[in-house]
Amino acid sequence: MAGHLPRGAMLVVARLTRSWRPRYARSPMQISNFPVLQMHKSQTAMRASQKDFESAVNQMKLLTKDPGNEMKLKLYALYKQATEGPCNMPKPGMLDLISKAKWDAWSALGSLPKETAKQNYVELVSSLSSSASSSQGKPDADSKQPGYETLVVTSENGITKIMLNRPTKKNAITTQMYQEIMLALEAAAKDDSAITVLTGNGDYYCSGNDLNNFTDIPPGGVEEKAKNSAILLRDFVGCFIDFPKPLIAVVNGPAVGISVTLLGLFDIVYASDRATFHTPFSHLGQSPEGCSSYMFPKIMGSAKAAEMLIFGKKLTAREACAQGLVTEVFPDSTFQKEVWTRLKAYSKLPPNAMRISKQLIRNVEKEKLHAINSEESSVLQGRWLSDECTNAIMNFLSRKAKL
Ligand SMILES: CCCC/C=C/CC(=O)SCCNC(=O)CCNC(=O)[C@H](O)C(C)(C)COP(=O)(O)OP(=O)(O)OC[C@H]1O[C@@H](n2cnc3c(N)ncnc32)[C@H](O)[C@@H]1OP(=O)(O)O
(Lines give C-alpha, C1' and ligand atoms only; values in the text may rest on other atoms or scores of the structure.)
Protein backbone atom coordinates (compact mmCIF):
# COMPACT_ATOMS: atom_id res chain seq x y z
CA MET A 1 0.00 0.00 0.00
CA ALA A 2 2.96 2.30 0.42
CA GLY A 3 2.60 2.94 -3.27
CA HIS A 4 -1.01 4.05 -2.92
CA LEU A 5 -0.47 6.57 -0.14
CA PRO A 6 0.87 10.06 -0.77
CA ARG A 7 4.45 10.15 0.50
CA GLY A 8 3.63 12.85 3.08
CA ALA A 9 0.72 10.84 4.39
CA MET A 10 2.94 7.78 4.82
CA LEU A 11 5.32 9.76 6.99
CA VAL A 12 2.59 11.16 9.15
CA VAL A 13 0.79 7.83 9.42
CA ALA A 14 4.11 6.29 10.43
CA ARG A 15 4.24 8.85 13.23
CA LEU A 16 0.74 7.94 14.25
CA THR A 17 1.83 4.33 14.32
CA ARG A 18 4.17 4.90 17.22
CA SER A 19 1.31 5.50 19.58
CA TRP A 20 -0.86 3.01 17.79
CA ARG A 21 -3.32 0.88 19.63
CA PRO A 22 -6.40 -0.32 17.78
CA ARG A 23 -8.12 3.04 17.69
CA TYR A 24 -8.50 1.89 14.13
CA ALA A 25 -6.15 3.21 11.59
CA ARG A 26 -7.32 5.68 9.16
CA SER A 27 -7.05 6.44 5.34
CA PRO A 28 -7.02 6.75 1.46
CA MET A 29 -7.41 4.73 -1.69
CA GLN A 30 -9.94 3.09 -3.92
CA ILE A 31 -11.66 -0.21 -3.21
CA SER A 32 -9.61 -1.66 -6.06
CA ASN A 33 -6.55 -1.18 -3.89
CA PHE A 34 -7.91 -3.61 -1.31
CA PRO A 35 -7.59 -7.15 -2.68
CA VAL A 36 -9.18 -8.47 0.48
CA LEU A 37 -12.29 -6.40 -0.13
CA GLN A 38 -12.53 -7.45 -3.71
CA MET A 39 -12.28 -11.03 -2.62
CA HIS A 40 -15.16 -10.63 -0.24
CA LYS A 41 -17.39 -8.82 -2.68
CA SER A 42 -18.07 -12.24 -4.16
CA GLN A 43 -18.66 -13.87 -0.81
CA THR A 44 -21.98 -12.29 -0.04
CA ALA A 45 -23.33 -15.60 1.23
CA MET A 46 -21.12 -15.29 4.31
CA ARG A 47 -22.10 -13.03 7.17
CA ALA A 48 -20.55 -12.08 10.47
CA SER A 49 -22.76 -11.78 13.54
CA GLN A 50 -22.57 -8.72 15.79
CA LYS A 51 -20.88 -11.02 18.30
CA ASP A 52 -18.20 -12.02 15.76
CA PHE A 53 -17.65 -8.37 14.98
CA GLU A 54 -17.32 -7.36 18.63
CA SER A 55 -15.01 -10.25 19.28
CA ALA A 56 -12.84 -9.19 16.29
CA VAL A 57 -12.74 -5.64 17.68
CA ASN A 58 -11.57 -7.06 21.02
CA GLN A 59 -9.06 -9.30 19.29
CA MET A 60 -7.50 -6.22 17.68
CA LYS A 61 -6.93 -4.74 21.13
CA LEU A 62 -4.86 -7.78 22.05
CA LEU A 63 -2.70 -7.69 18.96
CA THR A 64 0.86 -7.10 20.12
CA LYS A 65 2.51 -6.72 16.73
CA ASP A 66 1.91 -3.52 14.77
CA PRO A 67 0.18 -4.70 11.57
CA GLY A 68 1.54 -1.76 9.54
CA ASN A 69 -0.03 1.38 8.10
CA GLU A 70 -1.78 -0.23 5.18
CA MET A 71 -3.54 -2.75 7.35
CA LYS A 72 -4.46 -0.17 9.95
CA LEU A 73 -6.03 2.03 7.33
CA LYS A 74 -8.05 -0.88 5.95
CA LEU A 75 -9.22 -1.80 9.41
CA TYR A 76 -10.10 1.77 10.25
CA ALA A 77 -12.12 2.16 7.07
CA LEU A 78 -13.96 -1.12 7.55
CA TYR A 79 -14.68 -0.37 11.19
CA LYS A 80 -16.14 3.04 10.36
CA GLN A 81 -18.16 1.63 7.46
CA ALA A 82 -19.45 -1.23 9.63
CA THR A 83 -20.47 1.02 12.51
CA GLU A 84 -21.45 4.29 10.80
CA GLY A 85 -22.04 3.41 7.15
CA PRO A 86 -20.67 5.37 4.18
CA CYS A 87 -18.40 8.33 4.92
CA ASN A 88 -20.27 11.62 4.89
CA MET A 89 -17.72 13.68 6.82
CA PRO A 90 -16.32 16.79 5.16
CA LYS A 91 -12.97 16.18 3.49
CA PRO A 92 -10.10 17.33 5.77
CA GLY A 93 -7.71 20.00 4.52
CA MET A 94 -4.64 19.05 2.48
CA LEU A 95 -2.28 19.72 5.38
CA ASP A 96 -4.09 17.53 7.85
CA LEU A 97 -2.47 14.45 6.38
CA ILE A 98 -3.51 11.87 8.93
CA SER A 99 -7.17 12.85 8.89
CA LYS A 100 -7.09 13.00 5.12
CA ALA A 101 -5.56 9.54 4.87
CA LYS A 102 -8.31 8.20 7.13
CA TRP A 103 -11.02 10.03 5.26
CA ASP A 104 -9.73 8.74 1.92
CA ALA A 105 -9.70 5.13 3.14
CA TRP A 106 -13.21 5.33 4.48
CA SER A 107 -14.57 7.15 1.44
CA ALA A 108 -13.00 4.57 -0.84
CA LEU A 109 -15.45 2.01 0.53
CA GLY A 110 -18.27 3.95 -1.15
CA SER A 111 -21.63 2.39 -0.41
CA LEU A 112 -20.29 -0.98 0.78
CA PRO A 113 -23.11 -2.35 3.00
CA LYS A 114 -22.49 -2.32 6.76
CA GLU A 115 -22.92 -6.10 6.96
CA THR A 116 -20.29 -6.70 4.27
CA ALA A 117 -17.91 -4.29 5.98
CA LYS A 118 -18.43 -6.20 9.24
CA GLN A 119 -17.74 -9.51 7.53
CA ASN A 120 -14.61 -8.14 5.85
CA TYR A 121 -13.41 -6.69 9.13
CA VAL A 122 -13.89 -10.04 10.91
CA GLU A 123 -12.03 -11.93 8.20
CA LEU A 124 -9.20 -9.43 8.10
CA VAL A 125 -8.72 -9.59 11.87
CA SER A 126 -8.89 -13.36 11.74
CA SER A 127 -6.13 -13.47 9.11
CA LEU A 128 -4.04 -11.09 11.24
CA SER A 129 -4.53 -13.12 14.40
CA SER A 130 -3.56 -16.32 12.68
CA SER A 131 -0.40 -14.80 11.23
CA ALA A 132 0.39 -13.23 14.62
CA SER A 133 0.05 -16.56 16.36
CA SER A 134 2.10 -18.16 13.59
CA SER A 135 4.92 -15.78 14.32
CA GLN A 136 4.84 -16.53 18.03
CA GLY A 137 7.16 -19.45 18.06
CA LYS A 138 5.27 -20.97 15.22
CA PRO A 139 6.30 -21.64 11.68
CA ASP A 140 6.58 -18.95 9.04
CA ALA A 141 4.60 -18.83 5.83
CA ASP A 142 7.23 -20.82 3.95
CA SER A 143 6.70 -23.82 6.20
CA LYS A 144 2.97 -24.03 5.45
CA GLN A 145 2.19 -27.41 3.95
CA PRO A 146 0.13 -27.38 0.74
CA GLY A 147 -2.86 -29.55 -0.06
CA TYR A 148 -5.18 -28.76 2.85
CA GLU A 149 -8.35 -26.75 2.35
CA THR A 150 -9.79 -26.77 5.84
CA LEU A 151 -6.56 -26.72 7.83
CA VAL A 152 -3.35 -24.77 8.01
CA VAL A 153 -0.58 -27.25 8.65
CA THR A 154 2.90 -26.00 9.38
CA SER A 155 6.07 -27.63 10.58
CA GLU A 156 9.02 -25.80 12.02
CA ASN A 157 11.46 -25.99 14.90
CA GLY A 158 10.43 -29.50 15.83
CA ILE A 159 6.72 -28.63 16.08
CA THR A 160 4.04 -29.64 13.59
CA LYS A 161 0.98 -27.46 14.05
CA ILE A 162 -2.41 -28.47 12.70
CA MET A 163 -4.75 -25.50 12.80
CA LEU A 164 -8.47 -25.91 12.16
CA ASN A 165 -9.24 -23.17 9.69
CA ARG A 166 -12.96 -22.45 9.35
CA PRO A 167 -13.13 -19.49 11.72
CA THR A 168 -16.44 -18.15 10.40
CA LYS A 169 -18.04 -21.53 11.20
CA LYS A 170 -16.35 -21.73 14.59
CA ASN A 171 -14.12 -24.45 13.11
CA ALA A 172 -16.98 -26.96 12.91
CA ILE A 173 -15.58 -30.20 11.49
CA THR A 174 -16.85 -31.12 8.03
CA THR A 175 -16.41 -34.54 6.46
CA GLN A 176 -13.55 -33.14 4.40
CA MET A 177 -11.96 -31.74 7.54
CA TYR A 178 -12.09 -35.14 9.31
CA GLN A 179 -10.26 -36.59 6.32
CA GLU A 180 -7.69 -33.80 6.25
CA ILE A 181 -7.01 -34.07 10.00
CA MET A 182 -6.38 -37.80 9.58
CA LEU A 183 -3.99 -37.10 6.69
CA ALA A 184 -2.21 -34.39 8.68
CA LEU A 185 -1.82 -36.68 11.70
CA GLU A 186 -0.53 -39.49 9.53
CA ALA A 187 2.07 -37.14 8.02
CA ALA A 188 2.99 -35.65 11.40
CA ALA A 189 3.52 -39.13 12.83
CA LYS A 190 6.21 -39.67 10.21
CA ASP A 191 7.81 -36.23 9.91
CA ASP A 192 10.86 -35.14 11.83
CA SER A 193 9.00 -32.98 14.33
CA ALA A 194 9.22 -33.87 18.01
CA ILE A 195 5.70 -32.81 19.01
CA THR A 196 2.38 -32.16 17.29
CA VAL A 197 -0.12 -29.45 18.17
CA LEU A 198 -3.80 -29.09 17.32
CA THR A 199 -5.38 -25.65 17.61
CA GLY A 200 -8.10 -23.48 16.10
CA ASN A 201 -8.07 -20.29 14.04
CA GLY A 202 -10.24 -17.39 15.22
CA ASP A 203 -12.25 -17.07 18.40
CA TYR A 204 -13.25 -20.76 18.73
CA TYR A 205 -11.12 -23.84 19.20
CA CYS A 206 -13.84 -25.93 17.55
CA SER A 207 -17.63 -26.21 17.64
CA GLY A 208 -17.59 -29.97 17.10
CA ASN A 209 -19.11 -31.97 14.32
CA ASP A 210 -20.49 -29.78 11.52
CA LEU A 211 -24.19 -30.50 11.78
CA ASN A 212 -24.56 -29.97 8.04
CA ASN A 213 -22.66 -33.24 7.61
CA PHE A 214 -25.98 -34.91 8.24
CA THR A 215 -27.69 -33.22 5.32
CA ASP A 216 -25.58 -34.88 2.65
CA ILE A 217 -27.49 -38.16 2.22
CA PRO A 218 -26.03 -40.77 -0.19
CA PRO A 219 -28.15 -42.88 -2.60
CA GLY A 220 -28.34 -45.64 0.03
CA GLY A 221 -30.32 -43.31 2.29
CA VAL A 222 -29.96 -42.39 5.95
CA GLU A 223 -28.91 -45.90 6.99
CA GLU A 224 -25.93 -45.74 4.65
CA LYS A 225 -25.15 -42.23 5.87
CA ALA A 226 -25.16 -43.39 9.51
CA LYS A 227 -22.99 -46.38 8.65
CA ASN A 228 -20.44 -44.27 6.73
CA SER A 229 -20.36 -41.70 9.51
CA ALA A 230 -19.70 -44.39 12.12
CA ILE A 231 -16.79 -45.72 10.05
CA LEU A 232 -15.43 -42.21 9.59
CA LEU A 233 -15.73 -41.53 13.31
CA ARG A 234 -14.05 -44.80 14.27
CA ASP A 235 -11.14 -44.21 11.89
CA PHE A 236 -10.80 -40.60 12.96
CA VAL A 237 -10.66 -41.33 16.69
CA GLY A 238 -8.39 -44.31 15.95
CA CYS A 239 -5.76 -41.89 14.58
CA PHE A 240 -5.69 -40.09 17.94
CA ILE A 241 -5.44 -43.37 19.88
CA ASP A 242 -2.51 -44.51 17.75
CA PHE A 243 -0.69 -41.22 17.37
CA PRO A 244 2.88 -42.04 18.38
CA LYS A 245 4.31 -38.66 19.44
CA PRO A 246 3.39 -36.18 22.15
CA LEU A 247 0.12 -34.57 21.06
CA ILE A 248 -0.82 -31.20 22.49
CA ALA A 249 -4.10 -29.31 22.27
CA VAL A 250 -3.80 -25.53 22.30
CA VAL A 251 -7.39 -24.64 23.13
CA ASN A 252 -7.63 -21.02 22.05
CA GLY A 253 -11.37 -20.59 22.68
CA PRO A 254 -14.62 -22.48 23.31
CA ALA A 255 -14.68 -26.19 22.49
CA VAL A 256 -17.80 -28.27 21.80
CA GLY A 257 -18.65 -31.93 21.20
CA ILE A 258 -16.02 -34.15 19.64
CA SER A 259 -13.33 -31.49 20.04
CA VAL A 260 -13.83 -31.82 23.82
CA THR A 261 -14.13 -35.59 24.06
CA LEU A 262 -10.90 -36.07 22.08
CA LEU A 263 -8.99 -34.07 24.67
CA GLY A 264 -8.85 -37.18 26.84
CA LEU A 265 -6.58 -38.70 24.21
CA PHE A 266 -4.11 -35.78 24.15
CA ASP A 267 -0.95 -35.74 26.25
CA ILE A 268 -1.21 -32.09 27.21
CA VAL A 269 -4.12 -29.64 27.00
CA TYR A 270 -3.34 -25.93 27.35
CA ALA A 271 -6.35 -23.62 27.46
CA SER A 272 -6.99 -19.92 27.26
CA ASP A 273 -9.11 -18.68 30.16
CA ARG A 274 -11.67 -17.73 27.49
CA ALA A 275 -12.16 -21.39 26.57
CA THR A 276 -15.21 -23.39 27.66
CA PHE A 277 -15.84 -27.10 27.31
CA HIS A 278 -19.13 -28.80 26.65
CA THR A 279 -20.60 -31.90 25.09
CA PRO A 280 -24.31 -31.39 24.39
CA PHE A 281 -24.88 -35.02 23.38
CA SER A 282 -28.22 -35.54 25.10
CA HIS A 283 -29.48 -32.22 23.72
CA LEU A 284 -28.65 -33.59 20.27
CA GLY A 285 -30.12 -37.03 20.91
CA GLN A 286 -26.57 -38.42 20.63
CA SER A 287 -24.10 -40.22 22.85
CA PRO A 288 -20.40 -39.79 23.74
CA GLU A 289 -17.52 -40.54 21.38
CA GLY A 290 -13.75 -40.01 21.33
CA CYS A 291 -13.37 -42.69 24.04
CA SER A 292 -14.82 -40.17 26.48
CA SER A 293 -17.23 -42.76 27.95
CA TYR A 294 -14.08 -44.37 29.36
CA MET A 295 -11.52 -41.54 29.57
CA PHE A 296 -13.72 -38.90 31.21
CA PRO A 297 -14.72 -41.02 34.24
CA LYS A 298 -11.09 -42.09 34.47
CA ILE A 299 -9.85 -38.49 34.36
CA MET A 300 -12.48 -36.73 36.47
CA GLY A 301 -14.42 -39.42 38.29
CA SER A 302 -17.80 -40.80 37.24
CA ALA A 303 -19.99 -38.12 38.86
CA LYS A 304 -18.26 -35.19 37.16
CA ALA A 305 -18.05 -37.12 33.87
CA ALA A 306 -21.78 -37.83 34.00
CA GLU A 307 -22.57 -34.14 34.46
CA MET A 308 -20.67 -33.37 31.28
CA LEU A 309 -21.48 -36.37 29.11
CA ILE A 310 -25.10 -37.00 30.09
CA PHE A 311 -26.29 -33.56 31.14
CA GLY A 312 -24.12 -31.42 28.86
CA LYS A 313 -22.74 -29.25 31.67
CA LYS A 314 -20.45 -26.56 30.30
CA LEU A 315 -17.14 -26.15 32.15
CA THR A 316 -15.00 -23.05 32.26
CA ALA A 317 -11.31 -23.53 31.53
CA ARG A 318 -10.50 -23.35 35.22
CA GLU A 319 -13.16 -25.93 36.06
CA ALA A 320 -11.88 -28.22 33.32
CA CYS A 321 -8.38 -27.81 34.76
CA ALA A 322 -9.61 -28.62 38.26
CA GLN A 323 -11.23 -31.79 36.83
CA GLY A 324 -7.96 -32.83 35.18
CA LEU A 325 -9.18 -32.48 31.59
CA VAL A 326 -6.97 -29.42 31.06
CA THR A 327 -3.29 -29.31 32.00
CA GLU A 328 -2.95 -25.57 32.53
CA VAL A 329 -4.94 -22.39 31.93
CA PHE A 330 -3.37 -19.13 30.72
CA PRO A 331 -4.79 -15.61 30.54
CA ASP A 332 -6.12 -15.05 27.04
CA SER A 333 -3.99 -11.91 26.63
CA THR A 334 -0.74 -13.87 26.99
CA PHE A 335 -1.99 -17.30 25.93
CA GLN A 336 -0.23 -17.64 22.57
CA LYS A 337 3.05 -16.21 23.80
CA GLU A 338 3.26 -18.32 26.96
CA VAL A 339 2.12 -21.55 25.35
CA TRP A 340 4.42 -21.33 22.34
CA THR A 341 7.39 -20.44 24.51
CA ARG A 342 6.68 -23.55 26.58
CA LEU A 343 6.18 -25.75 23.52
CA LYS A 344 9.36 -24.52 21.87
CA ALA A 345 11.29 -25.62 24.93
CA TYR A 346 9.59 -29.04 25.00
CA SER A 347 10.25 -29.55 21.30
CA LYS A 348 14.00 -29.44 22.01
CA LEU A 349 13.86 -32.46 24.31
CA PRO A 350 15.19 -35.71 22.80
CA PRO A 351 12.36 -36.81 20.47
CA ASN A 352 12.93 -40.55 20.78
CA ALA A 353 12.77 -40.41 24.55
CA MET A 354 9.49 -38.50 24.39
CA ARG A 355 8.00 -40.87 21.86
CA ILE A 356 9.00 -43.94 23.88
CA SER A 357 7.58 -42.48 27.09
CA LYS A 358 4.32 -41.64 25.36
CA GLN A 359 4.03 -45.13 23.97
CA LEU A 360 4.68 -46.70 27.36
CA ILE A 361 1.82 -44.66 28.78
CA ARG A 362 -0.55 -45.35 25.87
CA ASN A 363 0.26 -48.98 25.05
CA VAL A 364 -1.13 -50.27 28.33
CA GLU A 365 -4.64 -49.57 27.15
CA LYS A 366 -4.46 -49.07 23.42
CA GLU A 367 -6.51 -52.17 22.65
CA LYS A 368 -9.09 -51.22 25.18
CA LEU A 369 -9.37 -47.74 23.70
CA HIS A 370 -9.91 -49.18 20.20
CA ALA A 371 -12.63 -51.45 21.53
CA ILE A 372 -14.32 -48.52 23.27
CA ASN A 373 -14.02 -46.43 20.14
CA SER A 374 -15.72 -49.15 18.06
CA GLU A 375 -18.50 -49.52 20.58
CA GLU A 376 -19.13 -45.77 20.85
CA SER A 377 -19.18 -45.45 17.04
CA SER A 378 -21.64 -48.25 16.65
CA VAL A 379 -23.95 -46.87 19.37
CA LEU A 380 -23.84 -43.49 17.63
CA GLN A 381 -24.75 -45.11 14.33
CA GLY A 382 -28.05 -46.09 15.94
CA ARG A 383 -28.50 -42.69 17.59
CA TRP A 384 -28.10 -40.84 14.27
CA LEU A 385 -31.14 -42.72 12.99
CA SER A 386 -33.28 -41.81 16.00
CA ASP A 387 -36.06 -39.20 16.01
CA GLU A 388 -34.41 -37.48 18.97
CA CYS A 389 -31.27 -36.86 16.96
CA THR A 390 -33.02 -35.94 13.71
CA ASN A 391 -35.23 -33.38 15.48
CA ALA A 392 -32.31 -31.81 17.35
CA ILE A 393 -30.29 -31.38 14.16
CA MET A 394 -33.27 -30.01 12.26
CA ASN A 395 -33.77 -27.52 15.09
CA PHE A 396 -30.17 -26.35 14.87
CA LEU A 397 -30.22 -26.11 11.11
CA SER A 398 -33.46 -24.15 11.18
CA ARG A 399 -31.91 -21.87 13.82
CA LYS A 400 -34.37 -22.73 16.62
CA ALA A 401 -31.70 -23.91 19.02
CA LYS A 402 -28.21 -22.85 20.09
CA LEU A 403 -26.46 -25.51 22.12
C1 LIG B 1 -18.89 -38.15 11.55
C2 LIG B 1 -18.41 -37.99 12.95
C3 LIG B 1 -19.44 -37.43 13.87
C4 LIG B 1 -18.89 -37.14 15.22
C5 LIG B 1 -19.89 -36.58 16.13
C6 LIG B 1 -19.60 -35.61 16.99
C7 LIG B 1 -20.61 -35.07 17.94
C8 LIG B 1 -20.44 -33.61 18.20
O9 LIG B 1 -19.45 -32.96 17.93
S10 LIG B 1 -21.80 -32.92 18.94
C11 LIG B 1 -21.50 -31.17 18.91
C12 LIG B 1 -21.97 -30.57 17.63
N13 LIG B 1 -21.85 -29.13 17.72
C14 LIG B 1 -22.85 -28.36 18.12
O15 LIG B 1 -23.90 -28.83 18.43
C16 LIG B 1 -22.59 -26.88 18.12
C17 LIG B 1 -23.62 -26.18 17.27
N18 LIG B 1 -23.31 -24.76 17.24
C19 LIG B 1 -23.78 -23.90 18.18
O20 LIG B 1 -24.46 -24.22 19.09
C21 LIG B 1 -23.37 -22.48 17.98
O22 LIG B 1 -23.10 -22.25 16.63
C23 LIG B 1 -22.14 -22.10 18.83
C24 LIG B 1 -22.51 -22.10 20.32
C25 LIG B 1 -20.98 -23.05 18.58
C26 LIG B 1 -21.67 -20.67 18.46
O27 LIG B 1 -22.74 -19.76 18.59
P28 LIG B 1 -22.57 -18.25 18.13
O29 LIG B 1 -23.87 -17.57 18.31
O30 LIG B 1 -21.37 -17.66 18.76
O31 LIG B 1 -22.21 -18.34 16.58
P32 LIG B 1 -23.14 -18.87 15.39
O33 LIG B 1 -23.71 -17.68 14.66
O34 LIG B 1 -24.09 -19.89 15.85
O35 LIG B 1 -22.06 -19.60 14.47
C36 LIG B 1 -21.38 -18.96 13.40
C37 LIG B 1 -21.56 -19.81 12.17
O38 LIG B 1 -20.99 -21.08 12.41
C39 LIG B 1 -21.96 -22.12 12.18
N40 LIG B 1 -21.70 -23.24 13.08
C41 LIG B 1 -21.18 -23.19 14.31
N42 LIG B 1 -21.09 -24.41 14.80
C43 LIG B 1 -21.56 -25.26 13.87
C44 LIG B 1 -21.71 -26.67 13.80
N45 LIG B 1 -21.33 -27.46 14.79
N46 LIG B 1 -22.23 -27.19 12.69
C47 LIG B 1 -22.59 -26.42 11.66
N48 LIG B 1 -22.47 -25.06 11.64
C49 LIG B 1 -21.95 -24.51 12.74
C50 LIG B 1 -23.28 -21.43 12.47
O51 LIG B 1 -24.32 -22.13 11.87
C52 LIG B 1 -23.03 -20.07 11.88
O53 LIG B 1 -23.15 -20.21 10.48
P54 LIG B 1 -23.85 -19.07 9.59
O55 LIG B 1 -22.98 -17.86 9.78
O56 LIG B 1 -23.86 -19.59 8.21
O57 LIG B 1 -25.23 -18.87 10.17
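**Exercise 1.** In this predicted model, find how helix 10 (residues 292-300) and helix 15 (residues 366-383) are set against each other.

*Solution.* Step 1: the axes of helix 10 and helix 15 lie 9 Å apart, and the packing angle is about 125°. Step 2: angles over 145 degrees count as roughly antiparallel and those from 65 to 115 as roughly perpendicular, while the rest above or between these ranges, down to 35 degrees, are oblique. Step 3: helix 10 and helix 15 are therefore oblique to each other.

**Exercise 2.** List the residues that make this contact, then sort them by class.

*Solution.* Step 1: helix 10 contributes Ser-292, Ser-293, Tyr-294 and Met-295. Step 2: helix 15 contributes Lys-368, Leu-369, Ile-372 and Glu-376. Step 3: sorted by class, the contact holds 4 nonpolar, 2 polar and 2 charged residues.

**Exercise 3.** Compare the span of helix 8 (residues 221-242) with the expected value, and state what covers its buried residues.

*Solution.* Step 1: helix 8 has 22 residues, and from first C-alpha to last it reaches 32 Å, close to the 32 Å expected at 1.5 Å a residue. Step 2: its buried residues include Leu-232, Leu-233, Phe-236 and Phe-240, and Lys-225 is also one of them. Step 3: among the elements covering the buried residues of helix 8 are helix 7 (175-190), strand 4 (195-200), helix 14 (351-363) and helix 15.

Key. Residues are numbered from 1 along each chain as its sequence is written. This is a predicted model: local features need pLDDT of at least 70, side-chain atom pairs count only at pLDDT 80 or more; totals for chains, interfaces and linings use all residues. Side-chain values use heavy atoms; hydrogens and water are left out. Axes are lines fitted to C-alpha atoms, for helices over the stretch in contact, and angles run from 0 to 180 degrees between N-to-C directions. Helices (H or I, at least four residues) and strands (E, at least two) are DSSP runs, numbered from the N terminus. Contact means heavy atoms within 4.5 Å. Ala, Val, Leu, Ile, Met, Phe, Trp, Tyr, Cys and Pro count as nonpolar, Asp, Glu, Lys and Arg as charged, and the others, Gly among them, as polar. The expected span of a helix is 1.5 Å times one less than its number of residues. Buried means under 20% relative accessible area, exposed over 50%, partly exposed in between (1.4 Å probe, protein chains only).
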